[in-house]
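Grab a pencil and work through these exercises with the model open beside you. Try each task yourself before you read its solution.

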Amino acid sequence: MTDSLLEIHDLQVAYGGIHAVKGVTLQIAPGELVALIGSNGAGKTTTLKTLAGLLHPVSGQIRYDGKDLHNIAAHQRVAMGITLVPEGRGIFARLTVQENLQMGAYSRNGQHEIAADLARMYELFPRLAERKDQLAGTLSGGEQQMAAMARALMSRPRLLMLDEPSMGLAPLMVQKIFETVRDIAALGMSILLVEQNARLALQAAQRGYVMESGAITLAGASGELLGSEAVQRAYLGG
Amino acid sequence: MEIFFQQIVNGLVQGSVYALVALGYTMVYGILGLINFAHGEVVMIGAMLALSSLNAMLGWGMPPLLALPLSLAFTMLGCMALGYGIERIAYRPLRHAPRLAPLITAIGVSIVLQNLAMMVWGRQYHAFPQMIANNTHTLAGAIINDVQIIIFITALAIMAGLMVVVHRTRLGRAMRAVAEDQHAAQLMGVDINRVISITFMLGSALAAVAGLMVSANYGLAHYYMGFLLGLKAFTAAVLGGIGNLRGAMLGGLLLGLIESLGAGYIGDLTGGFMGSNYQDVFAFFVLIAVLVLRPSGLLGERLAERA
Ligand SMILES: Nc1ncnc2c1ncn2[C@@H]1O[C@H](COP(=O)(O)OP(=O)(O)OP(=O)(O)O)[C@@H](O)[C@H]1O
Ligand SMILES: [Mg+2]
């Protein structure tokens, strides 16, 4: 596993006295789509925020592309290729859709490449193209999720982390979002996908981790997890 | 009618200065949700630095047309450094503290700056050097002089420039993003501390210009001038809707007009009981009225929307 893009070892994160993540170990290879599932309050969001640099671990190691991320601030991680689409999307409601996408490219240089990527995003998400001069706050939930994903892609990530992209969306839109996740994965970047919707997430992913009360309790290939009795009972309503 | 036009002219000139200062309050509030009550003192330091540097340069025999821009640049740099320092020392360590804490350090910073200014420049009023002929013109029966014209046009140009920066540049976009959601802005790769520092420096640069303008307009500067001016500009920012840039400009101009028209007519209205020396009272009427009737200001959104 030395060729992992991301390696987390025994990560522990706390909010004051609340120990939310208690020893998470996981790896992601380049180009891999990995699902992280678990019930409410398991510590999934906390893990992603820590990877993005918004929270600081109590202990443990995060290595990305061979580098220890310990002293690297959140904004610097974006330039290294680590991008998080946060839970709740984090859209800038009072910026236009286009300005949101431009914010995604904030850490990049090169006007021409950025403009080309912007055009590519509008191809990938025609709905956003129609609404590019609209304030992002006026978009529907599904459109906002698309905008958040497009905005993240504008940073040209090597590791894209998605925190519950299907949350609060109608079934049709959920399908659309998962299709998009697959399309993005096909572009070759690594994706860490956190989802409540375990079945869809595992169907899209190559591997998965199951998180319970701050720790990883199961890990394996998606097919194995989908077939596992424990996962079926707890997350697939079987 | 002549009084009316005269007061409109005076009000617009004074109001444009309030607007510049109000922008400083509103930019910081927009980005940090914090009232930088030391901002008025930055204006005062600006006036003092402008005055000292101008007098020094003129004393070296520099022509006024060279001394003025040089002194302006010096003053702006000085105030930017001051604004940067205020944020670093008084506010950044308290970023996650209860809201009352930075308010108290703001008052502390104000007192320190006032006393510092008193030590450096003394308690007396300082006369602003007269550099240009300052011709007067008549406009619809109102008298306006060159200094006033320069102040008004410069203030408008600076405000237009600021709007371009905020709405049309990468930096301005980052400022608006940080104002809306600091975490999300970080996830875009924005160094929020840097953006916050730049915001303080921009506001302080406007304060520097305003300081020079006030002392040029009234011909005087004094270590205590920042207090009242700051309070009035804060009122202007609240009037327009704190956090809203257009609101600060509108509020500044309106407050200047209200004050000036009020001062012009208060004698008639009270049968000579109160004179134009009551001018300062209007700002506080306005502040109280806005807080009671429309706390979100003229262009502000409902507070709930921000929270
Ligand atoms: N800011 C916070 N302060 C204190 N405790 C927190 C904070 N954020 C999360 N927690 C706690 O940490 C634990 C893990 O929360 P986290 O948000 O990481 O869970 P999650 O797996 O993302 O859950 P969900 O599926 O509901 O989003 C929970 O017990 C939660 O209550
Ligand atoms: Mg979560």
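**Exercise 1. Find which element gives the largest share of the shell around ligand 1.**

Step 1: Helices here are DSSP runs of H or I with at least four residues, strands are runs of E with at least two, and both are numbered from the N terminus.

Step 2: Before going on, remember that this is a predicted model, so local features need pLDDT of at least 70 and side-chain atom pairs count only at pLDDT 80 or more, while totals for chains, interfaces and linings use all residues. Residues are numbered from 1 along each chain as its sequence is written, chains are lettered from A and ligands numbered from 1 in the order in which they are written, and side-chain values use heavy atoms, with hydrogens and water left out.

Step 3: Now look at who's around. There are 14 residues around ligand 1, and A:Lys44, A:Thr45, A:Thr46, A:Glu87 and A:Gln196 come nearest (near means a heavy atom within 4 Å).

Step 4: Sort the shell by class: 4 nonpolar, 7 polar and 3 charged. Ala, Val, Leu, Ile, Met, Phe, Trp, Tyr, Cys and Pro count as nonpolar, Asp, Glu, Lys and Arg as charged, and the others, Gly among them, as polar.

**Exercise 2. Work out how far a polar side-chain atom of A:Lys44 lies from an oxygen atom of ligand 1.**

Step 1: Pick the polar side-chain atom of A:Asn40, which sits 2.8 Å from a ligand 1 oxygen.

Step 2: Finish with A:Lys44, whose polar side-chain atom is 2.7 Å from an oxygen of the ligand.

**Exercise 3. Count the salt bridges between chain B and chain A.**

Step 1: Start with the contact (heavy atoms within 4.5 Å): 20 residues of chain B touch 20 residues of chain A.

Step 2: Apply the salt-bridge rule, a side-chain nitrogen of Lys or Arg within 4 Å of a carboxyl oxygen of Asp or Glu. You get 2 salt bridges between the chains.

Step 3: Check A:Arg94 and B:Glu180: they form a salt bridge, with their closest N and O atoms 3.8 Å apart.

Methods:
Polar contact = N/O pair within 3.5 Å; in protein donor to acceptor, adjacent residues only side chain to side chain.
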